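The sequence and the structure come next.

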Amino acid sequence: MSENTVMAPKKHMGLKTSRRISNTAIYVLLAVISVVWLIPFICILLQSFRVENTMPVGYVIPKRWGIDNYLRLFQTDFPKWYLNTFIIALVSSVLQTFIVLCMSYALSRFRFKGRKLLMRLMLILGMFPGMLTMIILYRVLADLGMTQANAVPGLILVYVASSGMLYYVSKGFFDTIPKSLDEAARVDGATRFQVLKKIILPLSKPIVIYTVLTAFMSPWGDFVFAQYVSMGASAGKNVAVGMYGWLNKDQIANNYTLFCAGGVLVAIPVTVLFLCLQKYYVEGVTGGAVKG
């Protein structure tokens, strides 16, 4: 038996052991990162069930447990803020998804004069921070009567108005779908909208769901612009703006645990949305769509 034959199993065992050690180290690191990431959420959840007092304390596990804080939420304006936020996020998500997908499909499939210039212009405009336009946007919304107590339609209008500039991710995805599918459908008499609805979108579940989630989460967690538009009117606030008022120095002693309970309820819709839609991320898109 040659020396190389003897050394081969040892080398294989060494590589296998090295790979096992590397994988173990990676898993331990990921576990530590996960624990560190979850600690703030666990603390908020535990504090939401603390009923011995309502002010910030130096311990995490409650001495007395209860749902008093959740019941107190319904004695405040929290249900109104929650409803405002849900309406804004839902309507914005539906309209923004429709606009983004239509814009992405048009830029991916159509060739027209000024197309590249339009895409470059939208990318450049998207680089400017939205805060630069806050003053003029508020002035426009104020003239339309969409501020303070009527801030909900104003916020929806702002979130949806510029959604077409978010085309680049969806367009890149549509570019990977063979154009031969469009051509075959057009030969059979399908319109452009039917091609998008019946062929492109069923093959594009991951990007559609990505667009829905991002369009829903952005207004759901918005604070700066929502606070600016509502301007202290409780009827026009979303949950982020409304709950922030509970943390000022005059109210935090009485509303800290109330804030934690509200934070738990705010996190539920996004968490459920992700749990219900996460399976679509791993679906194949174009596999087997074109033969030959």
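For the classes used below, Ala, Val, Leu, Ile, Met, Phe, Trp, Tyr, Cys and Pro count as nonpolar, Asp, Glu, Lys and Arg as charged, and the others, Gly among them, as polar. By that division, the lining of the second largest pocket holds 13 nonpolar and two polar residues, with no charged residues. The model is a predicted one, and the values that follow are to be read with that in mind.

**Domains and their boundary**

The domain assignment divides the chain into domain 1 (2-70) and domain 2 (77-281), whose centres, taken over C-alpha atoms, are separated by 33 Å. Contact between the two involves eleven residues of domain 1 and eleven residues of domain 2. The size of an interface is often given as the accessible area lost when the parts come together. Here domain 1 and domain 2 bury about 940 Å² between them, and 72% of this area is on carbon and sulfur atoms. On the side of domain 1, the residues that lose the most area to domain 2 are T54, N69 and Y70, which together account for 47% of what that side buries. Between domain 1 and domain 2 the count of salt bridges is zero.

Rolling a probe the size of a water molecule over the atoms shows where empty space is left.

| Largest pocket | about 790 Å³ | 22 residues |

In the largest pocket, the lining residues closest to the centre are P129, G130, T133, V158 and S162. Helix 4 (115-127), helix 5 (134-143), helix 6 (151-161), helix 10 (205-220) and helix 11 (224-230) each supply at least two residues of this lining, and the largest share, three residues, comes from helix 6. By class, the lining of the largest pocket comprises 14 nonpolar, seven polar and one charged residues.

**Salt bridges**

Side chains of opposite charge can pair when their charged atoms come close. A search of the whole structure finds three salt bridges, and one of them joins the side chains of R109 and D182, with an N to O distance of 2.8 Å. Because R109 lies in helix 3 (residues 78-109) and D182 in helix 8 (residues 179-187), this pair ties together parts that are 73 residues apart in sequence.

Key
Residues are numbered from 1 along each chain as its sequence is written. This is a predicted model: local features need pLDDT of at least 70, side-chain atom pairs count only at pLDDT 80 or more; totals for chains, interfaces and linings use all residues. Side-chain values use heavy atoms; hydrogens and water are left out. On a 1 Å grid over the protein atoms alone, a cavity is a set of points where a 1.4 Å probe fits but cannot get out, and a pocket is an open set with protein on both sides within 12 Å along at least five of seven lines; lining residues have an atom within 4 Å of a point. Grid points are joined across faces, edges and corners, and a volume is the space filled by probe spheres set on the points. Helices (H or I, at least four residues) and strands (E, at least two) are DSSP runs, numbered from the N terminus. Domain bounds come from an automatic or database domain assignment. Contact means heavy atoms within 4.5 Å. Buried area is the accessible area (1.4 Å probe) that two parts lose on being put together, summed over both. A salt bridge is a side-chain nitrogen of Lys or Arg within 4 Å of a carboxyl oxygen of Asp or Glu.
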